[in-house]
Amino acid sequence: MKIGVVTFPGSLDDRDAARAVGLAGGDAVSLWHGDDDLKGVDAVVLPGGFSYGDYLRCGAIARFAPVMRTIVERAGQGLPVLGICNGFQILCEAHLLPGALTRNDHLHFVCRDQRLRMERVDTDWTNSFAVGEEIVIPLKNGEGGYVADDATLDRLEGDGLVVARYLDVNPNGSRRDIAGISNPSGTIVGLMPHPEHAVESLTGPSTDGLGFFSSTIRSLVGIGS
Amino acid sequence: MPRVVVDVMLKPEILDPQGRAVMGAFARLDVHGVADVRQGKRFEITLEGEPTDEVLAGLHRMAEELLSNPVIESYTLRVEDAQ
């Protein structure tokens, strides 16, 4: 299974994401922001970092990169897309997911091992987990506060589109402790914490992150959701 | 040359921690009587020619799609008087 990882100017976690894909059993394919060709990949990861220096708003300029034009089009046709941190911000800016990510309510950059509760496990990116499963993966962001109007938040919760919530503390002021959301069909997932940094016991707080990448491979071979 | 100014502000219901931090500094610098501070962005766009309807339509599109995020921000656009 070929999973594309996009590199924008300022992406930081593209290599870790590609490595996570490999450890999960997939073939990582590097995609370039300036190239609108997806090289025949079966799914795409938008990695963390500071695309275009976070200028204007996080993800606001990346949204208009040539590669994103193709990704938005293909995502509309069901291509699985996972946006992590800056990738989540890009998905919101591109209106593939509702809401927006804003500056942490306490203004500080936060970097910690974060406990999460998995809530939606029938998506292309979370079907390796169980409902209510608690995982620990790193969180690192300055603008990770998830916001949306109450009607949107009610719809996300009512339709079961919240993928994961923060446990113990709300690290960035996200409304209703939301750490990740999905589109109704479960092909598109945005997540603020970083599963790609929790795939090996040597360097991560756990290997819980691997489940996101193995999930999409299970989906693609037809044993997932 | 004609100039168009776009001001982008967070919507009132969106928390503005930067503005709040600025307000905190006011108090520390002994400036009182301030009820709220909101921080926004100002874009000064210098035109090559006159601000025709077509040009302004394009800039409104940019203000809505690029310069602001309508989920959390609103914008105002105005043509500045020539100096």
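Val44(A) has Val81(A), a residue of strand E4(A), as its bridge partner. In this predicted model, the two strands concerned are E3 (residues 43–46) and E4 (residues 81–84) of chain A, which pair in the parallel sense over three bridges. A further position along E4(A) is Gly83(A), which stands opposite Leu46(A).

Strand E4(A) has both of its faces covered: on one side Val81(A) and Gly83(A) are buried, and on the other Leu82(A) and Ile84(A) are buried as well. This arrangement may be read against a general rule: in a regular strand the side chains alternate between the two faces of the sheet.

Nine strands of chain A make up an open sheet, whose order is E2-E1-E3-E4-E11-E10-E9-E6-E7 and whose pairing is mixed. At its edges lie strand E2 (27–32) and strand E7, each of which pairs on one side only. From one strand to the next, the twist averages 25°.

For Leu91(A), the contacts beyond its neighbours within four places in sequence are Leu46(A), Gly83(A), Leu96(A), Leu97(A), Ile188(A) and Gly190(A).

What of a residue in a loop of chain A? Asp122(A) is situated in the loop that connects strand E6 (110–118) with strand E7 (134–141). Asp122(A) counts as partly exposed because it has 15 C-beta neighbours inside 10 Å, whereas a buried residue would need 20 or more. The C-alpha atom of Asp122(A) is separated by 9.6 Å from that of Ser219(A), although the two residues are 97 apart along the chain.

Taken as a whole, chain A contains five helices and eleven strands. Its radius of gyration is 15 Å, close to the 17 Å that the globule rule gives for 225 residues, so chain A is as compact as a globular protein of that length. Along the principal axes, its C-alpha atoms fill a box of roughly 40 × 40 × 35 Å. Of the 225 residues, 58% count as buried. Among contacts in chain A with a separation of 6 or more, 74% are between residues 24 or more positions apart.

Chain B has two helices and three strands, and from the N terminus on its elements follow the order β-α-β-α-β. The radius of gyration of chain B is 16 Å, well over the 12 Å given by the globule rule for 83 residues, and chain B is therefore more spread out than a compact globule. The C-alpha trace of chain B spans about 45 × 30 × 15 Å along its principal axes. Of its 83 residues, 12% count as buried. Contacts between residues at least 24 apart make up 69% of those in chain B that join residues at least 6 apart in sequence.

Within chain B, helix H1 (residues 17–28) has twelve residues, which at 1.5 Å a residue should span 16 Å; the end C-alpha atoms are 17 Å apart, in agreement with that expectation. Just after H1(B), Asp30(B) adopts a positive phi of about 65°.

How values were computed
Residues are numbered from 1 along each chain as its sequence is written. Chains are lettered from A and ligands numbered from 1 in the order in which they are written. This is a predicted model: local features need pLDDT of at least 70, side-chain atom pairs count only at pLDDT 80 or more; totals for chains, interfaces and linings use all residues. Helices (H or I, at least four residues) and strands (E, at least two) are DSSP runs, numbered from the N terminus. The expected span of a helix is 1.5 Å times one less than its number of residues. Two residues are in contact if their C-beta atoms, placed from the backbone, lie within 7 Å. Two strands pair if DSSP finds at least two bridges between them. Axes are lines fitted to C-alpha atoms, for helices over the stretch in contact, and angles run from 0 to 180 degrees between N-to-C directions. The radius of gyration is taken over C-alpha atoms; the globule rule is 2.2 Å times the number of residues to the power 0.38.
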